[in-house]
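Please look through the sequence and the structure shown here before reading the points that follow.

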Amino acid sequence: MKKQEAKRWFHGPHPTLRPNPHPNPLDRSRLPVSRDLSASLHVTAAGERTGGGAATLYCAFAAAVLAICNSALALEVDPAVPPEINIGGRLVATADHKSEKTIASGTESDSSLSIADSSLLFGFSKYLFDDRRYGFAVFGLKIPDDDTDLKDDIYIHEAHVGIGGPNYELKLGRSRLGNSLIAFPTIRDDDLLDYLYVANGSSNAEAEEYQQFGSVLGGSWWMTRSVQFDGGITGRTRTDTGGARLASSDLNGGYLGVAYSVPEAIKFDRGIRYAGARLDTQHADVPGSGLPKQTLMALIGAVSLNLNDNPEETWNLDAQAIFNDGASVANLSTLAARARAKSRALAVALRYGKRPALQTRWQAALNLAWKDYGDFAGASAYTIAPTYLYRLGSGIEFVAQYRYAHNNSTLAAAVGREREQKLQFGLSFAFDNTFNESVGERGSILNLEHDTLDIGPRGGGH
C-alpha cells in the first residue's frame, strides 16, 4: 500500500468506503466483521494451513453466529430518549406548643420544633410510541412525626410507575390508598387524620403513614373532562399488636369511585367545584390482637363549593363524610379496634382567600370535625382548627394554626386523653421545577402532596 493511501486509511474513511447515509439493516454484506476473524476465515478457507476440516467447521460456525448476532443488533434500535424530569418538594417547619388533659396524670404540656410532613419528590415521564400516550414514574420521600412508631427518619411514601393517555391513567406501586377524597386547609395532612381517612384495620401502630399510603394497583378513566371513574386494589400495611410492621405489599383491599370535578380556571363563579363518592373495602388482620379477620366496608362522600362569584375574594366550603360499616368490637382501647368499629365522621371547612390580580396573598380558614362510634355510648369526638396562611413570595408562606380536640367520656377513657390544645406557627417553602419538558402538561408534581391552599380532590393532576 502506498504511503498516501495508508495515511488516508488510518485517518479517515476512504472515498469509496464512505458510509451509506441510509443503510439497509437487513443487508448483511455491510455488517461489521472483526479483522481477526476475517484473517482467520481467509487463512482457513481451504482447510489446509490450520489442520483441515475441523478448523473449517469451526470457522463456518463462528461466522454464522456472528452474522446472526449482528443481524439482531442491527434490527434493535434504542433511541435512548431522555425523560422529562420533575423535581418538587415542600419543607414545613413549625414551632408547636401542646397542652393536653390526660386521664392518668391531669394536664401536661410541652413545646417542640417540627419538620414533619416535609417531602421531596422526583418524577420522570416519556411518551410511548405515539404522542398521545405516556409513561411515568414517581419516587418520593417524607419525614414522619417524631413520636411515630416508624423506626426511620425517612419514609418512602411514593414509589410507583404507570402509563396514561388523554382520558385514562394507570399506576402501580406505593402511593395514596384512595381512602380520602378532598383536601382540607390545615397545615399538615394528618391534622384531621381521624376524621378524613378510612382507618387501617390491620395496623396497631402510631404511624399516620400506615393510614394514608400503601400498595396500589389502580386507575382512573375520564368519561368527560369533568366526570371521572376510578378504582383499584390496595395493600394496607399490616402490623402486630406492638405496632411492628409485618407486611406492606400484600393486597388486602380496594376502592371504587365516581367524581365530578372542574378546575378553578373553568369554575370560578358560584357553584360546585367537586362532588364525589367512593366505596372503600379492606380485609383487616392484626395477628395476636384477639381480633378476628374481618372484611370492612366504608362509604366516603365529599363536596367543594364556591360560595361567591368574585375570584379575587373567594369564599369556599368543603365537606366530607365517612360512613364506616365496620364490625362489632368489644372496646375501643386499641388503634386496630377503633379502626374496625362502626363509626360516622363529618368534616367541614369554611375558607376565605384574598387574591388580588388572581394571586393568593392570604387565606383564613375554619375547620370543624366530628366523629362518633355508634356502638358505644359517649364515644364521640370533635375538633376545631382555625388556620391562617400569608404568602411571602412564590411558594414561601407563613402559617399559623390553633387546634382544639375533645373526646367524650367513653372515648377519653379508651385513648387516655380528654382534650388537647395545640398552637403552631412557622414557615413553609415549596418548589417545583421541570427539566427537558417534552410531555404534555399533567399538573404539578406537588399535587401529590398536601397543600393548605388546595381545593378539591387529593392526588396528582392529569
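1. This is a predicted model, and a search of the whole structure finds six aromatic pairs. One of them joins Trp221 and Phe229, which are stacked, with 6.0 Å from centre to centre and 25 degrees between the planes.

2. How accessible are the two partners of this pair? Trp221 is partly exposed, since its relative accessible area is 40%, and Phe229 also counts as partly exposed, at 35% relative accessibility.

3. Another pair is made by Trp362 and Tyr388, whose ring centres are 6.0 Å apart and whose planes meet at 35 degrees, so this pair is tilted. Planes under 30 degrees apart would count as stacked and those over 60 as edge-to-face, with the rest called tilted.

4. Because Trp362 belongs to strand E16 (residues 362-373) and Tyr388 to strand E17 (residues 380-393), the pair ties together parts that are 26 residues apart in sequence. Trp362 is partly exposed, with a relative accessible area of 27%, and Tyr388 is partly exposed as well, at 32%.

5. Which residues do ring pairs link to Trp362 and Tyr388 in a cluster? The cluster also takes in Trp315 and Tyr352.

6. Turning to charge, a negative surface patch is formed by Asp146, Asp147, Asp152, Asp153 and Glu206. Asp153 sits in the loop between strand E4 (134-142) and strand E5 (155-165), and with a relative accessible area of 66% Asp153 is exposed, because exposed means over 50% relative accessible area.

How values were computed. Residues are numbered from 1 along each chain as its sequence is written. This is a predicted model: local features need pLDDT of at least 70, side-chain atom pairs count only at pLDDT 80 or more; totals for chains, interfaces and linings use all residues. Side-chain values use heavy atoms; hydrogens and water are left out. Patches are made of residues with over 30% relative accessible area and no salt bridge: like charges are joined within 9 Å, nonpolar side chains (Val, Leu, Ile, Met, Phe, Trp, Tyr) within 5 Å. Accessible areas come from the Shrake-Rupley method with a 1.4 Å probe; for residues, only the protein chains shown count as cover. A salt bridge is a side-chain nitrogen of Lys or Arg within 4 Å of a carboxyl oxygen of Asp or Glu. Lys and Arg count as positive and Asp and Glu as negative; His and the chain ends are not counted. The place of a charge is taken as NZ of Lys, CZ of Arg, CG of Asp or CD of Glu. Helices (H or I, at least four residues) and strands (E, at least two) are DSSP runs, numbered from the N terminus. Buried means under 20% relative accessible area, exposed over 50%, partly exposed in between (1.4 Å probe, protein chains only). Rings of Phe, Tyr and Trp (its six-membered ring) pair if their centres lie within 6.5 Å; planes under 30 degrees apart count as stacked, over 60 as edge-to-face and the rest as tilted.
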